[in-house]
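Good morning, colleagues. Please turn to the sequence and structure.

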Amino acid sequence: MQTLRITLCAAAMTVAFAANAAEVEVLHWWTSGGEAKAAGELKKMLEAKGDKWKDFAVAGGAGENAMTALKTRVVSGNPPAAAQIKGPAIQEWGDEGVLASLDDVAKADGWDKVLPKVVIDTMKYKGHYVAAPVNVHRVNWLWVNPELLKKVNAKAPTTWDEFFKTAEALQKAGIQPVAYGGQPWQDSTVFETVALGVGGVDFYKKAFISLDQNTLKSATMVKVLETYKKIKPFTDKNAAGREWNLATSMVINGKAAMQFMGDWAKGEFLAAGKVPGKDFLCVAAPGTANAYTFNIDSFAMFKLANKDAVKGQNDLASTLVSPQFQEIFNLNKGSIPVRLGADMSKFDECGKQSAKDFAADNKSGTLVPSFAHGMAMHSATQGAIYDVVSQFWNDDNMTAKSAADKLATAAKTK
Amino acid sequence: MSNPTQSAHYGFAERWLPRLVLAPSFLLTIFFVYGFIAWNGYLSFTSSRLLPNFEWAGIVQYQALFASERWWVAVKNLFIFGGLFIGGAMAVGIFLAILLDQKIRAEGALRTIYLYPMALSFIVTGTAWKWMLNPGLGLEKLMHDWGFANFTFDWLVNTDMSIYTVVIAAMWQSSGFVMALFLAGLRGIDESIIKAAQIDGASLPRIYWKIILPALRPVFFSTLMILCHIAIKSFDLVMALTGGGPGFASDVPATFMYSMAFTRGQTGLGAASATMMLMTVAAIVVPYLYSELRGNRNA
Amino acid sequence: MPKFWRGALYAALLVAALYYLLPLYVMVITSIKTMDQIRAGNLLSLPTGISFEAWGKAWSGACTGVDCSGLQPFFWNSIRMVIPAVLISTTLGALNGYVLSKWRFRGSELTFALILFGVFIPFQVVLLPMAQTLGWFGIANSIAGLVTVHVIYGLASTTLFFRNYYVSIPDELIKAARLDGAGFWRIFLRIIIPMSTPIIMVVLIWQFTQIWNDFLFGVVFSAGDSKPITVGLNNLANTSTSVKEYNVDMSAALIAALPTILVYVFAGKYFVRGLTAGAVKG
Amino acid sequence: MGALAIKNVTKNFGDTHILKGIDIEIESGQFLILVGPSGCGKSTLMNIIAGLESPSTGEVHIGGRMVNNVAPKDRDIAMVFQSYALYPTMNVRQNIAFGMETRGVPKKEQDEIIARVAKMLQMDHLLDRKPSQLSGGQRQRVAMGRALARDPILFLFDEPLSNLDAKLRVEMRTEIKQLHHRLKTTIVYVTHDQIEAMTLGDKIAVMKDGVIQQFGSPQDIYEQPANLFVASFIGSPSMNFIPCHLAEQNGALGVSLQSEGEARFIALPQAAKLVGAVGKKVILGIRPEQFDVVIDSGDSLACKVHLTEPTGPDTMVLTQLNGVEVCARLHPRDAKGPGETVRLQPDVSKAVLFDAETEARLA
């Protein structure tokens, strides 16, 4: 309660130095090629509505610096109008009492009708809309350079056995099998994909949503970890610290054959003028064809004292969910629209596939939130699990069993 | 007899002006240093998560901190890094200062070359170092290009070695500054002492080791303090070079605190780690300050 | 000294010089290569031709997010931040040093110790409280806020530098001036300040590099249009299109470093001279 | 009331008592010397007179005015410091002008005063130089010039010559004395050098441990030292102190001196003052020049020479009396070489006698 009072007090003080009218300051970390283009589209559409876009991009560390900046902005009582926040973090920010309600916009635009339930649940805090979704990413993709695979007469692998067989063949042929970026979030992205493929949907849910201790320490988890670690010999030494898009460009340029990455990678392929299905393949990661790890990008709106800014916020929220923006944005970003029944005609094979799977998995209950992308657990827990995964990946002396135990301990982090 | 100039009874202005002039800095320090330390200390006993709150939670954050493997890795790294960096920068700096003290031609140019890394932010040079130390792009590739196919230098990406790359880069940045401090000290030494030692037949290394360096004790201590302080606070260095990685293998307390408090929504835990850092600093600095100021009073 | 040793001495000095220069060499050489040259050669290979294209791009064309104005706006932000911050913290430091060495009073030593400890606090401790305080003052996320932060946390070192220097000025000078009828300010302005050139140089250089190079405060306390150059550089270098443009990164790094490098090259001798003049005493 | 009066001044820093009740009064135009070993409090006393420190208790009067609450600049005094305290960034002219500038003396008048002072101290040619370009003697001169420009009622000199070499020191000493004769201003002069004290002072205050041991004319202090400390501090070579017992023999009071197994009873003239002290341990104080060489006489002693120190006009002869080293200042023709024996006769008419316990003078 006290926090709230302090925040309100601080918010009241912002009146004195409020920004220019209808200026919408948006904090985001979409700075890579495809992302930046998508952000540019958003800016254009917003400016068409008479609002001014004030860019607040903070690059680096998958939003780490951005979160620092955001936190100090909020503490100082001067938050940006909107910030790229998603998943349970929306609830955490909601707990701090700093988010603004978007119910008016949601009602006017009929969000309840056009958005899938999983999305609605994520966007609401205590029954009120506080964030606007922009897209749905599928995380469990495997990106393949078909030309390289052809050299060893392999097809895109659908099981882990196939995958490792192909990888070995590639390696023998002097081709680097896997493009990998050694950053904690990328480590965990691959890890969760392996977990889903090896353990299945129920295992995944129990381990990363319920944080069930027994599951985390189970033999299945050990197997998941072992499988995950088996990938390492097929990556190169320079992977440490590499940005995801640089890894993607290795696949694009034929320097590596495959990459585990979410569908934002497609943006890079497209930006390089590659054609899906021909120059590159998008396939569900081994063993995950009937499951879907989703990652929903969204913008949370902060309480602002300035009335004009509130108008800008509402414009922004409305724009984000509008069909036109959803289409243009997601064509650039590589993801699919969040709206149910969106027109997918302009999308490529990968996008269509993703949309189809999303709808199907939504029905069958095999839609799971990506923990690596902050959709499944609180940031503290997620961070602790990141630590274990990255440590296990990098430390060749750690056994899978002890890593599983550490995962269980990390899951207790509150 | 040199007593500090004392304000006499007369002269309101002369009596109060000094206090008045010092007052803003004093108040700023009390509020922005000690007030914030207390603020942080209090936070470390709360359950603060994403944003600071003030609900008392006892010592849970400290329990969590001491149970955290990552914290102990960070502490261990601080000792490895601190020890090697301070020792290394000191040794290299003193060595270069002695060499430069031998009536060298182009001393000015060399001094500038040795000193300039101090002028650069690690956000700047981290870019270059990262590239040079990267096995696929930098030194290792260079050696391979030159025909040394078996040369490996993969410390940057090696869990056990990455902290040492931080040492290399940190030494590069600070040893020139140590050189400057010691060179300044060497220039302040009475030449007749050196002459006397030469007449006694002492060799040059012996003169330096036995006579000159001991005379530089004060410089030695102030340099040690500066280096300790750089080591404990080293943040952008680690951030720019390894980002604490691979994994958290090269984490130090400063980066640990940053990621807990700012990216993980564990403000309380971050505050607890900051308090631990502060206590480490205080344990080193307070006795030093105490002796320093006492010494000044008696001088 | 025998010739051989003299030779060895110069050899050692040169090797050290190479070690210090290597990163700078790599940065400069890479910044004037084209991407093709970078791919073809290695990090030491000389460019086949000089191209300043990357410099131009880093200065005014490189993109972060949707903003493609290069480092230019951040550079001017830094200039607008560093000048007042350096001047204010130096002035306050000089005054504090003057009082703490020449006008001691009961409790002044304690005050000095309290201020001095401020040099050593880990800045992470102050980030959140500072953010809140800046919010109260209404200068959060502005250049004014950054200047305030740098002044406050620069005070300890500037005070230390000046105080240690002024301690070495004989007290009799102050006594003489007081007998000559000069008061607190007159002594400071007419006697002390004219004698302070070496230490002022040291403090100006020190503060300038510290503040110019700061990243932590910059990233935390600045917003969209008040970001200093280090933050701009970090954004730029971490913004990656599918091809990492090393030449642009290196040019940007050099642009960010240029002011401090110039200061050291042209004023470095004053720095060393000032240190000799007593800044490191005791 | 005189030019300077110090009344029961004490100074404490916490528990440390630097000055323990100082009383001094001098007349206008007098030259007062404060002399004593380092740490005796003389510089503190000087600072109190100047107003740079304030006394814990007691009063300072300058020119008949109580100045305890008067700022240094308003006390109408000028001071010359041991380190000269010249402003390093100003040239000589500016150094001298600074005080006048502060007091708002018109520019024209300033120039006249500077010209006069420069002429008086023969330093016209130095006016445009910086202190760093001057020799020690020249700096000393400038520092005095700066004080003279002030034309104060009281000059304070704080060990002004101690940073100069021996020859220059003697020259400057003479110059200061001449200056004093010419200007007739009151001067307070701190030194630890007893020769300066003797040669310059009209009045000398010998200090030790924050207490004035003796205050009087140089001659008084030389001939009638109040106690063992003053006697030992003033005079070079120092007075000889010979431990003995005060005894009565044949109705006369005196002491017994021994040398080479020979003993002589020496009767002392000031018997009246000594009556009460018969049988006590005393110390006989004899200055080196109070020995005469004689061929043979009833009161003389045969002394074996240990060492000689010729100074030119005199030769110091070291020997032993009553088991302690004794120095005698003899004419070179009377001095003997080491190992030889010389007969010395002490001139006790000017000798002084101290109580061995209290160290105060008995007679």
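I shall take the aromatic pairs in turn, then a cluster, and finally the charges over rings.

Please keep in mind that this is a predicted model. Over all chains, the count comes to 68 aromatic pairs. A pair of aromatic rings is described by the distance of the centres and the angle of the planes.

Tyr98(C) and Phe188(C) form a tilted pair, with 4.8 Å centre to centre and 35° between the planes. Tyr98(C) belongs to helix 4 (residues 72-102) of chain C, and Phe188(C) to helix 9 (residues 184-195) of that chain, so the pair ties together parts that are 90 residues apart in sequence. Are these two residues, Tyr98(C) and Phe188(C), buried or exposed? Both Tyr98(C) and Phe188(C) are buried.

I turn now to chain D. Here the ring centres of Phe31(D) and Tyr189(D) are 5.6 Å apart and the planes stand at 45°, so this pair is tilted. Phe31(D) lies in strand 3 (residues 31-35) of chain D and Tyr189(D) in strand 8 (residues 186-191) of chain D; the pair therefore ties together parts 158 residues apart in sequence. Phe31(D) is buried, at a relative accessible area of 1%, and Tyr189(D) is buried as well, at 0%.

Chain A brings us to a cluster. One aromatic cluster is formed by Tyr180(A), Phe191(A), Tyr204(A), Phe208(A), Tyr228(A), Phe371(A), Phe392(A) and Trp393(A). Over the face of Phe392(A) lies Lys229(A), at 4.8 Å from the ring centre. Lys230(A), in turn, lies over the face of Phe164(A), at 4.3 Å from the ring centre.

Conventions
Residues numbered from 1 in each chain as written. Chains lettered and ligands numbered in written order. Predicted model: local features only at pLDDT ≥ 70, side-chain atom pairs only at ≥ 80, totals over all residues. Heavy atoms only, no water. Phe/Tyr/Trp six-rings, centres within 6.5 Å; stacked < 30°, edge-to-face > 60°. Helix = DSSP H or I, 4+ residues; strand = E, 2+ residues; numbered from the N terminus. Buried < 20%, exposed > 50% of the residue type's maximum accessible area, 1.4 Å probe, protein only. Lys NZ or Arg CZ within 6 Å of the ring centre and 35° of its normal.
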